Amino acid sequence: MRLRPTLFAVALAAFSGGALAAEPQQVATQLLDHLQAGRIAEAEAMFTPKMASAVPAEKLQGLWQSLGELKQRGTAHSSEQQGMHLVEVPLQFASGAVIAQVAVDAQDKVAGLLLRPAPAAKAAPPPADANYSEADFSVPQARGALPGTLALPKGKGPFPAVVLVHGSGPQDRDETIGASRPFLDIARGLAAQGIAVLRYDKRTFAHPQDFRGGSFTVDDETTDDAVAALAALAADPRIDGRRVFVLGHSQGGMLAPRIASRWPQARGAILWAAPARTLLDLLPEQNRYLLGLDGDISAPEQAFLDRLDAQIAAARGSAPVAASELPLGVPQTFWKSIEAVNARGDAKALHKPLLMLHGGRDFQVPDADWQLWKQALQGRRDVQWQAYPALNHIGVAGSGPSSLKEYAQPGHVDAALIADVARWVEAQR
């Protein structure tokens, strides 16, 4: 699983209804003034009790300081949502651009604070001399089409093709994470080597309104759209319909065998940074890792972890629970559906070639999952394994322990990984 992009620097409390604050931008400005000046106690005093409990002063201070020096503040913009004013302020830190989203309630109290990576600038078009082109490609679906991009090699087709399936959370077609675009790198890298690639905006990104206030499953969020994308791509006359593959990253990798089994024409599946365990098993491990990077887990941090454990138990329980009391604020129907996914069992039952990819510096899907995959698929001659010691969860090379802060630095998917995928696809005749 990949942590949702909004977890880059999280401190978001549940919203509650009520009349709107009179001067929300002033409240947000005052909060940022306190944080910039290091007045953490004063900042915490602006919080609602629920927010103060979720984000103690020590955690807030560490979060802010981890971003480095604040160099510039942009113009604030406010909007109304669920009886709150949401104020967004662009911030330029030494570590990168961030959007601060401050939720202000009717009593001029801060009910939520979210620091997320600023949207990346639009990617430059392919070079004029590239041996591939890019064009819009719509994925048809009864619930609404999804916009996408097809990277197509130049020359005589039909071409083998790959559909890219995102990790968890709302994702654009490039799977933009901080300053990196893993799916853009994969798509253009494979297209340059003669393989067509379809990438599309995830439904939670393209149609977020469809997921507000309701229940949904992992099939609603991911599986059904991926199956539709495979079918639509295979029907294109420029594509060799007998050689269409699914490449899933993180949560998408976990679901790749499920997707390929539901579209039996799939030639094979590529599982990149795929969890072998359930997401609710990985969430506490990921958070304990991140909180322990400084060598210690404080009492407030342990309280946060204890609350997460309680939320996970509630998600797994039989009693109905509001989404605000569950991990990441996601409805229980989603957690129940994804807990029911048996990724290793699905892969074992899928009698198609598999390519398994793993980064040695991946803290989100660690080596323990890689070993579980190997145990589950041992003896399979149609499974190829590729591990890259220097790569993190999004395929970018580095050194030392990986962290969310690393994602804020621009990076590209390692060329060796892309080349390995291209060779494997070409070998599946």
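This report describes a predicted model, taking in turn a sheet, a group of helices and selected residues.

Eight strands form an open sheet with mixed pairing, in the order 7-8-10-9-11-12-13-14. Strand 7 (132–139) and strand 14 (383–388) are its edge strands, and each of them pairs on one side only. On average, and with direction ignored, neighbouring strands of the sheet are turned by 20 degrees against each other.

Two of the pairings can be described in detail. Strand 9, which spans residues 159–165, pairs in the parallel sense with strand 10, residues 196–200, over three bridges. Within this pairing, Ala161 stands opposite Ala196 of strand 10. Strand 11 (residues 239–249) and strand 12 are likewise paired in the parallel sense, here over five bridges. Gly248 has Leu271 in strand 12 as its bridge partner.

## Burial of strand 12

Strand 12 covers residues 268–272, and five of its five residues are buried. The burial extends to both faces of the strand. Gly268, Ile270 and Trp272 lie on one side, while Ala269 and Leu271 lie on the other.

Helix 9 (residues 279–291) and helix 11 have axes that come within 9 Å and cross at roughly 105 degrees. Helix 9 is therefore roughly perpendicular to helix 11, as the angle lies in the range of 65 to 115 degrees. Leu279, Leu280 and Leu283 of helix 9 make the contact with Trp335, Ile338 and Glu339 of helix 11. By class, the residues of this contact are five nonpolar, no polar and one charged.

The axes of helix 9 and helix 10 come within 10 Å, with a crossing angle of roughly 175 degrees. These two helices are therefore roughly antiparallel to each other. On the side of helix 9, the contact involves Leu280, Asp281, Leu283, Pro284, Asn287, Arg288 and Leu291. Helix 10 contributes Glu301, Phe304, Leu305, Leu308, Asp309, Ile312, Ala315 and Arg316. The contact of helix 9 with helix 10 comprises nine nonpolar, one polar and five charged residues.

Helix 10 (residues 299–316) also packs against helix 11 (residues 332–339), at an angle of about 80 degrees and with the axes 9 Å apart. Helix 10 is accordingly roughly perpendicular to helix 11. Here Ala314, Ala315 and Arg316 of helix 10 meet Gln332, Trp335, Lys336 and Glu339 of helix 11. Three nonpolar, one polar and three charged residues make up the contact of helix 10 with helix 11.

His207 is situated in the loop between helix 6 (203–206) and helix 7 (218–234). Its relative accessibility is 18%, so His207 counts as buried. When neighbours within four places in sequence are left aside, His207 is in contact with Gly144, Ala145 and Leu146. A polar atom of the His207 side chain lies 3.1 Å from the backbone oxygen of Ala145.

Asp174 occupies the loop between strand 9 and helix 5 (182–191). With a relative accessible area of 10%, Asp174 is buried. Not counting residues up to four places away in sequence, Asp174 touches Ala123, Arg181, Pro182, Phe183, Leu184 and Arg199. The side chains of Asp174 and Arg199 make a polar contact at 2.7 Å.

## Gln428 after helix 14

Gln428 lies in the segment that follows helix 14 (415–427). At 12% relative accessibility, Gln428 counts as buried. The side chain of Gln428 reaches the backbone oxygen of Trp424 at 3.1 Å.

Gln428 also has contacts elsewhere in the chain. Residues up to four places away in sequence aside, Gln428 touches Arg243, Phe245, Arg267 and Pro353. Gln428 and Phe245 are 183 residues apart along the chain, and their C-alpha atoms are separated by 9.8 Å.

Methods
Residues numbered from 1 in each chain as written. Predicted model: local features only at pLDDT ≥ 70, side-chain atom pairs only at ≥ 80, totals over all residues. Heavy atoms only, no water. Pairing = 2+ DSSP bridges. Helix = DSSP H or I, 4+ residues; strand = E, 2+ residues; numbered from the N terminus. Axes fitted to C-alpha atoms, helices over the stretch in contact; angles between N-to-C directions. Parallel < 35°, antiparallel > 145°, perpendicular 65-115°, else oblique. Contact = heavy atoms within 4.5 Å. Nonpolar A, V, L, I, M, F, W, Y, C, P; charged D, E, K, R; others polar. Buried < 20%, exposed > 50% of the residue type's maximum accessible area, 1.4 Å probe, protein only. Polar contact = N/O pair within 3.5 Å; in protein donor to acceptor, adjacent residues only side chain to side chain.
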